[in-house]
Amino acid sequence: MADEIKDMMTPAYDKKKKKEPSHTRKHSKTSTIMLAVLVLVLILVPFVFAATSQEIYTRILTIIGLYLILALGLNILVGYAGQLDFGRIAFYAAGAYAGMIIGLIVANALPAQFAGLSFIVAILAGVAGAALLGGILSLAVLRLRGDYLTIVTLGFAEIIRVSAQNNILHLTGGAAGIPTAGKNLPMPIGLAWLQKNLYIPLGNSNYSISFSANIYWYLLILLFVIIAIIITRRQENSRTGRAWAALKDDDVAARAMGINTTKTKTSAIMMSAIWGGVAGALFAYVQGMVSPETFAFFGSILVLAIVVIGGMGSTKGVIIGAIIIYGTPELIRAFAGPSGLPFIMWQLPLSQNVVATIANYRNLVLGLLMVVMMAWRPDGIIPMVRPKRFLTTEAQKKIEGSAGDSTVDPNSASASAVPAEEDLVKAGDAA
Amino acid sequence: MNYFLAQLVNGITLGGMYALIALGYTMVYGVLLMINFAHSEMFMSGAYIGLGTLLLLSNAGTQNAICKVLPFLSFFKSLRSFFTGSTVGLIIMFIIILAVSAVLVGCLGMLTERFAYRPLRHAPRLAPLISALGVSIFLQNAFLLWIAPNKPFNLPAVVAKAAIVDLSGKNLSLGITPLRIIIVATSVILLIVLDLFIARTRVGKAMRATSQDQDAAGLMGINVNSVIALTFFIGPALGGIAGVFSGAYYGTVTYNMGFMPGIKSFTAAVIGGIGNLRGAMLGGFMLGLIESLSQAYISASYKDVITFVILIVILIFRPGGLLGSSVVEKV
Amino acid sequence: MKKNHRIVFGVMAALLTLALILTGCGSGGGSGSTTKTFNVGFGGPITQGDVAFGQGGLRAVQLAIANANKSQEAKDLKIQFKVIQGDDQSLADVGTTVANQFVSDKSMVGAVAHFNSTVSIAASKVYHENNFVQISYGSTNPALTQQGFKNVFRTCATDDLQGPTGANRATALGFKSVALIDDSSPYGQGLVAAFKDQFVKNGGTVVYQASTQQKQNDFTAVVTKIASVKPDLVYFGGTYAPDTGAGALLCKQLKSGGVTVPMMGGDGLYAPEFISGAGATAAEGSYATCPGMPVELLPNGKQFAADYTAMFPGQQPAPFDAYAYDAANAIINATYSVAKDLGVNKVTSPAGKDALIKAVAASNFDGVTGKVSFDSKGDPNNKVITLYKVVNGKWEAQADK
């Protein structure tokens, strides 16, 4: 009997294909190879850009990476735990300032050869700073729900920005930011060596592959993005992740089930804050300086748009979202520049005015894009697929058939309307 | 004492404008449970439309240019001297500007609802939010690129001379001028009117029913789409009126003038209890007072910080806002 | 493969292919004609932020390029110039992206970039790494040139020059107490700090100090406070534009609020739009310091103003536009000299870029703001600061007493 039922096991939405869907297998070999190839391509791509001196694309990818880390953090709060957060930029700022401040102190304290290691300490400092802020925020929002929590996060972000602008505790350098005049962050470890030794001139005298700082930071951020993806996905399937999902669905029921909602909410805020801190510290080093106007409310909006448009709760969705939301305006801008498509491919002599106008329209297009995407795919481009359990149609028929048979003994196991545990198919691993 | 009173006057005037905008936020939230981020752009559009109307009615250059294209509007030229000459004329012109602005911004609000939010009626809660953000970004850039290319507009001299706008005209030592009285009075009157409208009329009842439960209201025979459209007319119209006041009070309109007042007004609506009309009014005036008084007595640099800290403190002790109902428990 | 996987891989593959095509063809856009076109970059806030200054600077650079393209020297060397805009929105990270875009452009000889100090400082690291000429036309924070980058210059004066000069002139005019307001921008905060130091050293007192926010337009509370403390002078560090520092609005509200003492500021206030924004009656009697000699006294200045209004009807040049014009000309002149030394085709080669930097550093010509030349740090040698006062609705230069 069990075998027959097993034979009928295909999830409802794959009945057309009549074969076992891929997600019930472990990650297939093909999948893993494709992932590996993708990662390899991503590692090599900046060198291609450097060879043709199109550094701008490396830079765009780097910033997309940073937003991605931020968005993954927000994804925890919004996607997994269901709390809307407008204060993303506060943690970004905390990470950036903490990272920069501690980084400068450490760089000055260490002897010159090791100064390059300061960025590791800076990242830790950024995490600590953001976590601290996250803790404070948790205290403030303990009793709040829904939109009230949202507005508090907004206020929080503005508090951080204005305080930084006003040079609070003489730490943040006011509107001009830090580092102040004359001080500079040391080059990260290994960069100088790589720049000297990894210089490959190509035939033509104007082109060469050199290991610029852009590439260094791009690779480092790529590393962190991969780490972030791995950690967040692991967490999602852990006990904490399930607690978050319960909180999102119905926090009263969650409490009834014995989940400590306070601790769960706090852990969601802290984890998402930590990623904000990592991104912030990295940003401080990529940019070389931090100043308060970078941390305006618009940044929070952008990250939120990434998560929602990409698909709340789904990692791949967030990746797509980051590429679209950040990439679109920048690509429009690059499109209209001298290295852009119409000029390169079709030698179109677009007048400067037209080109500049197209570039200046990029934010308009972004706004329109947001509205259109929401109307088209309200759940996000790649919505999160929650673990569900389905009966196949055949099994259902069988059970309905048995139930319609009046001679069935209700105590007999085979006529049980409740399928045994192993007969159910677990559909839809978290995307 | 005088200093305190003068700052009080500042705060109440500012509060009046915040209250008008907050009413718009709270009405939309009450009916749709949605934060309408585009509302700050309604405020900005109101200011622009008001300025445009003003120019149309009182500026020779504009009128000549328009009449070349639309000759049947030339009767406005004859009205010009009436409008700019006498006090009565100025008052009538102001009322016309307010009315035109309110109606047009209300229509703009209905348009955004129809195209940006209605398709998302049954989507997850965050979708209309992002859509609203998109509309906001779009409108800001649209005004920047198409209407205000590079310079912020300034009120033309003919109005600046007028007693209504001149802040130093009938200046008592407390700074109470006709314009300030108008702003505060209009806010309070509009609140009372709106309150009565929602509480006493049939349409108001329909709105209350829709905000409680959309589906049940539909089953009771209420045209939910109409009610929502009406909400999106009234709310943005109020924002538009606030925009005209802001343009008149400060004497300038720019494409991003809606951003900060929008955030502050939304905060005001939350402080008062979001969804609650009287709460929005209370929150608006409170916020204006807090801003002025904190600048006066604590620090101008940290005024926003103080505002938000007070917000957080209020929410800690009353998680539903000051006049809000205690948060609904899903049982 | 999972449907979702497919979408992700598909999108990323498409984007990467697109990017590779773009870069692969990046070198193919050469022209076969005999005139060589060089690009001059302009980085500034064009659509957001200090838009007035970004767009003004852009116009000035466009004017400089147009004049250069008509000049005899360009015809002799068979060179033409083109302006490439980079909108940095007054944000440091966007400015860095713009910088990356500029340094990727193989025909670009230099950039007049940026306006805001934080943007210039952040972007300068990219320009420095790529040995690329950067001349800022509006960044006044001293930190920009203290980094020791040989390729970074500026044509505007620094805060630590303008602030003390303003303070000295204020003391000389008899003002003993001051209320200090800054607009929370790096420019404003830096200027106010420098002014305050000198003013206090001269024996003056500060009765009130506050910061206003960017985009703020309600100053009524601050005005009431100032009216109650009754200073001799109100010093405002910031720009006049209503969508950023709102100096013009502050002036208007001060006068409506019954504050009769004059307002004083830096080159952020010295623009015709300040007067039109505040209203002629309110602005009457206001002061502003501005680096450079008064425009009327410079032959080039009058010509510049005339050309500007001819090319852009309805617009008037502001002081930062003049700095941008001089900066553009410094780049143009450097291009000419390198083209003569190394040949037109080598101007953007690595050796050519070095030569460009040296040529800019050695600039010495008559610009719109006076003689244009740079000291060893990259700051302008032109250290003249003039005080202007609004008299009868127009800015008038005030002679030193």
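Modeller: Let's start at C:Thr289, whose bridge partner in S13(C) is C:Leu387. Keep in mind that this is a predicted model, where local features need pLDDT of at least 70, side-chain atom pairs count only at pLDDT 80 or more, and totals for chains, interfaces and linings use all residues. Residues are numbered from 1 along each chain as its sequence is written, chains are lettered from A and ligands numbered from 1 in the order written, and side-chain values use heavy atoms, with hydrogens and water left out.

Back to that pair. Strand S10 (residues 287-291) and strand S13 (residues 385-391) of chain C run antiparallel and are joined by five bridges. Strands are DSSP runs of E, at least two residues long, and helices are runs of H or I, at least four long, numbered from the N terminus; two strands pair if DSSP finds at least two bridges between them.

Now zoom out to the sheet around them. S10 and S13 sit side by side in an open sheet of seven strands in chain C, with the order S7-S6-S8-S9-S10-S13-S14 and mixed pairing. Its edges are strand S7 (205-211) and strand S14 (394-398) of chain C, each pairing on one side only. On average, neighbouring strands here are turned by 25° against each other, direction ignored. Such angles are taken between lines fitted to C-alpha atoms, for helices over the stretch in contact, and run from 0 to 180 degrees between N-to-C directions.

A helix goes with this sheet too. Helix H8 (residues 220-229) of chain C lies across S7, strand S6 (177-182) and strand S8 (233-237) of chain C, at about 175° to S7(C). Contact means heavy atoms within 4.5 Å.

Chain C also has an open sheet of five strands, in the order S2-S1-S3-S4-S5, and here the pairing is parallel. Strand S2 (79-87) and strand S5 (152-154) of chain C are the edges, each pairing on one side only. From one strand to the next, the twist averages 25°.

At the S5 end, strand S4 (residues 134-136) of chain C runs parallel to S5(C), with three bridges joining them. There, C:Ile135 has C:Phe153 of S5(C) as its bridge partner.

This sheet has a helix across it as well: helix H13 (residues 319-342) of chain C lies across S2, S4, strand S1 (36-44) and strand S3 (108-113) of chain C, at about 165° to S3(C).
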